[in-house]
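Subject: Structure for your review

Dear colleague,

Please find below the structure that I am handing over to you. My findings follow it, arranged by topic.

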Amino acid sequence: MFLFPYFCTIYVCRQLHLHIVNEDFASPQLTYAQWNAFNTDFLISVPRVIEELTKEGKIVMSRERWDACWSLLFVPLQCPICHRSFRKLSVLQAHYLKE
C-alpha cells in the first residue's frame, strides 16, 4: 500500500494542513466527496505547495480558486485508472478493486 502526502486546497481550518492518503479507495467508510477529493485536483501536491510558497510567500486562495476546488467534490465519479464514469460509489469501488 502506498501513502501520498497532499495539502488541502480548502482551508476549513484556517491553517494549512497535510493529509496522508492511501490507495484504499474501496473502504466502505469512503464518501462520494472524499472519493473526489482524493481523485481530482482538490488536494495539492507537496511540490506544488512548496513552489507557491517560494513564489508567493503564502498559499493564495482567491474566491475563484476556492469555488473551483469546492466544485471538484461534486463532479461525476470516475475511475482513476481507466477514467470510466460511475453513478454509484459502491459500483465504482467494486470496479476499482478489479482494475
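Helices (H or I, at least four residues) and strands (E, at least two) are DSSP runs, numbered from the N terminus. This is a predicted model, in which local features need pLDDT of at least 70 and side-chain atom pairs count only at pLDDT 80 or more, while totals for chains, interfaces and linings use all residues. Residues are numbered from 1 along each chain as its sequence is written, and side-chain values use heavy atoms, with hydrogens and water left out.

I begin with helix α4. Helix α4 spans residues 89–98, and its buried residues are L89, L92, Q93, H95 and Y96. Here buried means under 20% relative accessible area, exposed means over 50%, and partly exposed lies in between (1.4 Å probe, protein chains only). Viewed down the axis of α4, these buried residues fall within an arc of 165°, so they line one face of the helix; the arc is that of the directions from the helix axis to the C-beta atoms. An α-helix has 3.6 residues a turn, so residues three or four places apart point the same way. The exposed residues L97 and K98 are carried on the face of α4 turned away from its buried side. The cover over the buried residues of α4 includes α1 (32–39), β4 (77–78) and β5 (85–86).

Q93 belongs to helix α4 and counts as buried at 10% relative accessibility. Leaving out residues up to four places away in sequence, Q93 touches F25, A26, S27, L30 and W35, where contact means heavy atoms within 4.5 Å. Q93 and D41 are 52 residues apart in sequence and, C-alpha to C-alpha, 19 Å apart in space.

Next come the aromatic residues. Rings of Phe, Tyr and Trp (its six-membered ring) pair if their centres lie within 6.5 Å; planes under 30 degrees apart count as stacked, over 60 as edge-to-face and the rest as tilted. The count by this rule is six aromatic pairs. One of them joins F25 and W35 in an edge-to-face arrangement, at 5.3 Å centre to centre and with 65° between the planes. This pair links distant parts of the chain, 10 residues apart: F25 is in the loop between β2 (18–22) and α1, and W35 is in helix α1. F25 is buried at a relative accessible area of 9%, and W35 is buried at 0%.

One aromatic cluster is formed by F25, W35, F38 and Y96. Its member F38 lies in helix α1 and is partly exposed, with a relative accessible area of 30%. Apart from its neighbours within four places in sequence, F38 is in contact with V21, F25, L30 and L43.

Which residues have the most contacts inside the largest nonpolar core? They are F25, W35, F42, L77, F86, L89 and L92, in a core of 16 residues. A nonpolar core is a set of buried Ala, Val, Leu, Ile, Met, Phe, Trp, Tyr and Cys residues joined through side-chain atoms within 4.5 Å. Helices α1 and α4 each supply at least two residues of this core, and α4 gives the most, with three residues. In soluble globular proteins, nonpolar side chains tend to be buried together.

F86 is placed in strand β5 and is buried, with a relative accessible area of 8%. Neighbours within four places in sequence aside, F86 is in contact with L77, C79, V91, L92 and H95. F86 and W35 are 51 residues apart in sequence, and their C-alpha atoms are 12 Å apart in space.

N36, in helix α1, is buried at a relative accessible area of 2%. Not counting residues up to four places away in sequence, N36 touches F42, L72, L73, F74, V75, P76 and L77.

Finally, I turn to the cysteines and one backbone angle. A search of the whole structure finds zero disulfides, a disulfide being a pair of cysteine sulfur atoms within 2.5 Å. The closest cysteine sulfur to that of C79 is in C82, at 3.8 Å, which is too far for a bond. C79 is buried, with a relative accessible area of 1%, whereas C82 is partly exposed, at 35%.

H83 is found in the loop between β4 and β5. The phi of H83 is near 70°, a positive value in a residue other than glycine. Most residues other than glycine have a negative phi.

With kind regards
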